[in-house]
Amino acid sequence: MADCLIGLGSNVGERAELLDQAIARILNCSQVSDCCQATSIETLPVGGPSNQPPFLNAAVRFTTTLSPEALHALTKHIEQELGRQRLERWGPRTIDIDILLYDQLTLETSDLVLPHPRMAIRRFVLDPADEIATDMIHAPTGRSIGQLRARLDHTPQYFAVCCA
């Protein structure tokens, strides 16, 4: 059984209801057990188009016998069922489900990167994750979620713009 951590966010529609529906659909999977859910938090959008409404973010930790690829397929299917449309990168969305950690696996395919590539620097990810997974290890840094979260309080904030 793999120890998994996912992050969820919504900033369109009935955000809390959409998060609850997404989580319920994951937990209804027979290959998922031992679930723990963090308290949802409201955050301002980071990056993406301007004038977006605030996000409601959550995290869920569970064990699963699903492979990383099968779990990814499940999360993308749930996003579709709940009306996710990918019109623009980091644009508004009914639901966003990201696999943050899958045990201490590091993986990079055309469809899936584990751990999630930006999770270690995103407060909106680490705040709820720290509530339920403070001990989970982010393999690339060797730090726990709790350590990553604490580091945000001691790291200068900056904003980088990348033009292609």
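## Starting at Thr65

Thr65 touches Met1 and Gln31, leaving out residues up to four places away in sequence. This is a predicted model. Thr65 sits in the loop between S4 and H2. Its relative accessibility is 54%, so Thr65 counts as exposed. Exposed here means over 50%.

Gln85 is 20 residues from Thr65 along the chain. The C-alpha atoms of the two are separated by 28 Å.

## The chain as a whole

The protein chain holds 4 helices and 9 strands. From the N terminus on, their order is β-α-β-β-β-α-β-β-β-α-β-β-α. The C-alpha trace spans about 40 × 35 × 30 Å along its principal axes. A compact globule of 164 residues would have a radius of gyration near 15 Å, and the protein chain agrees because its own value is 15 Å.

Of the 164 residues, 43% count as buried.

## The largest nonpolar core

The largest nonpolar core has 26 residues. Ile6, Leu8, Phe62, Leu71 and Ile97 have the most contacts inside it. At least two residues of this core come from each of S1, helix H1 (15–27), S4, H2 and S5. H1 gives the most, with 5 residues.

Phe62 shows how parts of the chain meet. Neighbours within four places in sequence are set aside here.

## Helix H3

Which residues of H3 are buried? They are Val125, Leu126, Pro128, Ala129, Ile132 and Ala133. An α-helix has 3.6 residues a turn, so residues three or four places apart point the same way.

The buried residues of H3 pack against several elements. Among the strands these are S1, strand S2 (32–37), strand S3 (41–43), S4 and S5. Helix H4 (145–152) is also packed against them.

## The second largest pocket

The second largest pocket has a volume of about 770 Å³. Its lining counts 38 residues. Asp96, Asp98, His116, Arg118 and Arg122 lie nearest the centre of this pocket. By type, the lining divides into 17 nonpolar, 10 polar and 11 charged residues.

Five elements each supply at least two lining residues: strand S1 (2–10), strand S4 (55–64), helix H2 (68–81), strand S5 (96–102) and helix H3 (123–133). Which of the elements gives the most to the lining? S5 does, with 5 residues.

## Backbone details

Leu114 and Pro115 are joined by a cis peptide bond, with omega about -10°. Pro115 lies in the loop between S7 and H3.

Asp34 is not a glycine, yet its phi is positive, at about 50°. Asp34 is found in strand S2. It is exposed, with a relative accessible area of 61%. Asp103 also has a positive phi of about 50° and is not a glycine. Asp103 has its place in the loop between S5 and S6. With a relative accessible area of 34%, Asp103 is partly exposed.

## Asp111

Is Asp111 buried or exposed? It counts as exposed, because its relative accessibility is 60%. Asp111 lies in the loop between strand S6 (107–108) and strand S7 (113–114).

Asp111 and Glu69 are 42 residues apart in sequence. In space they are 8.6 Å apart, C-alpha to C-alpha.

Note on methods: Residues are numbered from 1 along each chain as its sequence is written. This is a predicted model: local features need pLDDT of at least 70, side-chain atom pairs count only at pLDDT 80 or more; totals for chains, interfaces and linings use all residues. Side-chain values use heavy atoms; hydrogens and water are left out. On a 1 Å grid over the protein atoms alone, a cavity is a set of points where a 1.4 Å probe fits but cannot get out, and a pocket is an open set with protein on both sides within 12 Å along at least five of seven lines; lining residues have an atom within 4 Å of a point. Grid points are joined across faces, edges and corners, and a volume is the space filled by probe spheres set on the points. Ala, Val, Leu, Ile, Met, Phe, Trp, Tyr, Cys and Pro count as nonpolar, Asp, Glu, Lys and Arg as charged, and the others, Gly among them, as polar. A nonpolar core is a set of buried Ala, Val, Leu, Ile, Met, Phe, Trp, Tyr and Cys residues joined through side-chain atoms within 4.5 Å. Buried means under 20% relative accessible area, exposed over 50%, partly exposed in between (1.4 Å probe, protein chains only). Contact means heavy atoms within 4.5 Å. The radius of gyration is taken over C-alpha atoms; the globule rule is 2.2 Å times the number of residues to the power 0.38.
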